[in-house]
Amino acid sequence: MLITPERLYIATIAQDAPDLARAYGAGLELDEFCTAANMDEPNVLFWQKQVEEKMRSVRRFIFHAPFAELSPAAVDPLIAQVSRRRLEQIYAFAAAYGVKRMVVHSGFIPHYHFDEWYIEQSIAFWISYLQDKPEDFQLLLENVLDQNPKVLTDVVEGVNDTRLQLCWDVGHAFVHANRPWQDWLQAFAPYLAHVHIHDNDLVRDLHLPLGEGLLPLREIIDAIEEVGCPTYTIENMQATNSLIWLYHASKAKL
């Protein structure tokens, strides 16, 4: 297991993310607009300044899209319209800053969305959304409450556009889905472009630093590296300990 800084991003939910990215040559996954209201007046200028300060002297970025209450496959068409509006807003920010990659939550709601409905509506939504996006843009569809990896792979296959790939959130897969992690990796592998790594207690989505929970992260990352994955994001409230863990885990494999 050897994840080089050129393949690593640090989520800006961590206060130490910008300093660490500058010190070690990592990128940033910008989370300031995960809260959709931060894109609106009167908040937007404050949050733009926050983003611009964090981007200073860092070269690689991913934007994380807003997600609260949003559902691209919503049964209510007005909710789908709001979801589209918010995702167009965040794309406009990404384009303005020259950021070519964006993580989006799947929006799947267990016990509410039927798989067939969700797949059909999601395919239509993402085909429409990508219609006017440039060829070098990459949308990374992330599992959250999803329980079956095949549902998301069916969406990607149905959209059939290389601009839509998958982001595997390892912690979410353990907390929200009663399936072996190997099933997720095997299903996602052909479309896997990014991974969110964090730790938890197998029950709650705690976003703990790596090595401070119960996930078999060394085994998982080794398996990811075998199938191949371009990039990772450390997604903790504090990232220093995760970088230390990655360093020692990498040294142990040398």
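Phe 114 counts as exposed because its relative accessibility is 65%, where exposed means over 50% relative accessible area, buried under 20% and partly exposed in between, with a 1.4 Å probe and protein chains only. You'll find Phe 114 in the loop between β4 (101-105) and α4 (115-130); helices (H or I, at least four residues) and strands (E, at least two) are DSSP runs numbered from the N terminus.

A quick word on ground rules: this is a predicted model, with local features needing pLDDT of at least 70, side-chain atom pairs counting only at pLDDT 80 or more, and totals for chains, interfaces and linings using all residues. Residues are numbered from 1 along each chain as its sequence is written, and side-chain values use heavy atoms, leaving out hydrogens and water.

Phe 63 counts as buried because its relative accessibility is 0%. Its contacts (heavy atoms within 4.5 Å), not counting residues up to four places away in sequence, include Leu 30, Phe 33, Val 51, Arg 101 and Val 103.

Glu 29 sits in strand β2 (residues 27-30). Glu 29 is buried but has no salt bridge, and the nearest side chain of opposite charge, Arg 101, is 7.8 Å away. A salt bridge here is a side-chain nitrogen of Lys or Arg within 4 Å of a carboxyl oxygen of Asp or Glu; for charge, Lys and Arg are positive, Asp and Glu negative, and His and the chain ends aren't counted. Leaving aside neighbours within four places in sequence, Glu 29 is in contact with residues including Tyr 9, His 64, His 194 and His 196.
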